[in-house]
Amino acid sequence: MENGEALEHMLFGGAFSALLPPDFQDVSELREIPDNQEVFAHRHMDQSIIVELLEYQEAVVDANAARYHFEDIASANDAGGQERSEVLSVEPISGEQLMLAECPSAWFLTGRQLVSKFNEEARNTVNIYMCLFRLPQFATEVLLTFNDPVVINPSSSSAERLRPDVRSVPDQMSAWSLEHFKTLMQTLRLRDTGVFG
């Protein structure tokens, strides 16, 4: 999608739908993605959005569930520990703000991680925004994650996208904003419960 408007997009074979931000590339068109994920990358920026269907963590209370998933992502990103990973806030989301009526508990997390790309030594500072929808009746959690790099290490392969001598610098107005992510979060709808098996 290359225009400036968010359009409704079907997820997981039509089981869910949501408004995705403009200029997204479906990463499954470029490489294999696990069946429990939908991954979208910005066409011109080093931003991504991931939608995941995860096993419901029964042993984790609602207030700690988003932090649990953030720490899991930090571990996968080799960004564990306080010097590489930080949760800035965790807040409940009112059901009135959501189209996902089946969700009894939703949480919004804001964090930051120092992440290397492709196992490089160079680490980039990435703001991570997460929305966790807990669906115990389906033994599932839906996790939305927005990766928004804010400081790119000059030695990172991501810096190539920012160098004028290699590629023109994208207009910052085309970057996805937190509002784009919140629109996705607010418009996520369940269309087919058969996705849960």
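Two strands count as paired if DSSP finds at least two bridges between them, and strands themselves are DSSP runs (E, at least two residues), just as helices are DSSP runs (H or I, at least four residues), all numbered from the N terminus. This is a predicted model, in which local features need pLDDT of at least 70 and side-chain atom pairs count only at pLDDT 80 or more, while totals for chains, interfaces and linings use all residues. Residues are numbered from 1 along each chain as its sequence is written, and side-chain values use heavy atoms, with hydrogens and water left out.

**The whole chain**

Of the 197 residues in the chain, 45% are buried, where buried means under 20% relative accessible area, exposed means over 50%, and partly exposed lies in between (1.4 Å probe, protein chains only). Among the contacts (heavy atoms within 4.5 Å) with a separation of 6 or more, 58% are between residues 24 or more positions apart.

**The sheet of 7 strands**

Next, select the strands of the open sheet whose order is β3-β4-β5-β9-β8-β7-β6, with antiparallel pairing. The edges are held by β3 (24–26) and β6, each of which has a single partner strand, so one side of each is left without a neighbour in the sheet. From one strand to the next, the twist averages 20°, an angle taken between axes, which are lines fitted to C-alpha atoms (for helices over the stretch in contact), with angles running from 0 to 180 degrees between N-to-C directions.

Within this sheet, select β4 and β5, which pair in the antiparallel sense over 5 bridges and form a hairpin with 5 residues between them. Alanine 41 has serine 48, in β5, as its bridge partner. On to β9, which runs antiparallel to β5 and is joined to it by 8 bridges; here isoleucine 49 stands opposite phenylalanine 146 in β9. Why is β5 largely enclosed by the rest of the structure? The reason is that 7 of the 8 residues of β5 are buried.

Further along, select β7 and β8, whose antiparallel pairing extends over 11 bridges, and look for alanine 106, which stands opposite phenylalanine 133 in β8.

**Glutamine 47**

Now select glutamine 47, in the loop between β4 (37–42) and β5 (48–55). Is glutamine 47 buried or exposed? With a relative accessible area of 5%, glutamine 47 is buried. Its side chain reaches the backbone nitrogen of tryptophan 176 at 2.8 Å. If residues up to four places away in sequence are not counted, glutamine 47 touches several others, including Phe40, His42, Phe146, Pro149 and Trp176.

**Helix α1**

Select residues 62–76 to show helix α1, which has 15 residues and reaches 22 Å from its first C-alpha to its last, close to the 21 Å expected at 1.5 Å a residue (the expected span being 1.5 Å times one less than the number of residues). This helix lies across β5, β6, β7, β8 and β9, and runs at about 25° to β7. Which residues of α1 are buried? They are Ala65, Ala66, His69, Phe70, Ile73 and Ala74. An α-helix has 3.6 residues a turn, so residues three or four places apart point the same way. The cover over the buried residues of α1 includes β5, β6 (85–92), β7 (105–115), β8 (124–135) and β9 (140–151).

End at serine 17 in strand β2, which counts as buried at 0% relative accessibility and has arginine 189, in β10, as its bridge partner. Its side chain is joined to that of glutamate 8 by a polar contact of 3.1 Å and to that of arginine 191 by one of 2.7 Å. A polar contact is a pair of N or O atoms within 3.5 Å; within protein, one must be able to donate a hydrogen and the other to accept it, and residues adjacent in sequence count only if both atoms are side-chain atoms.
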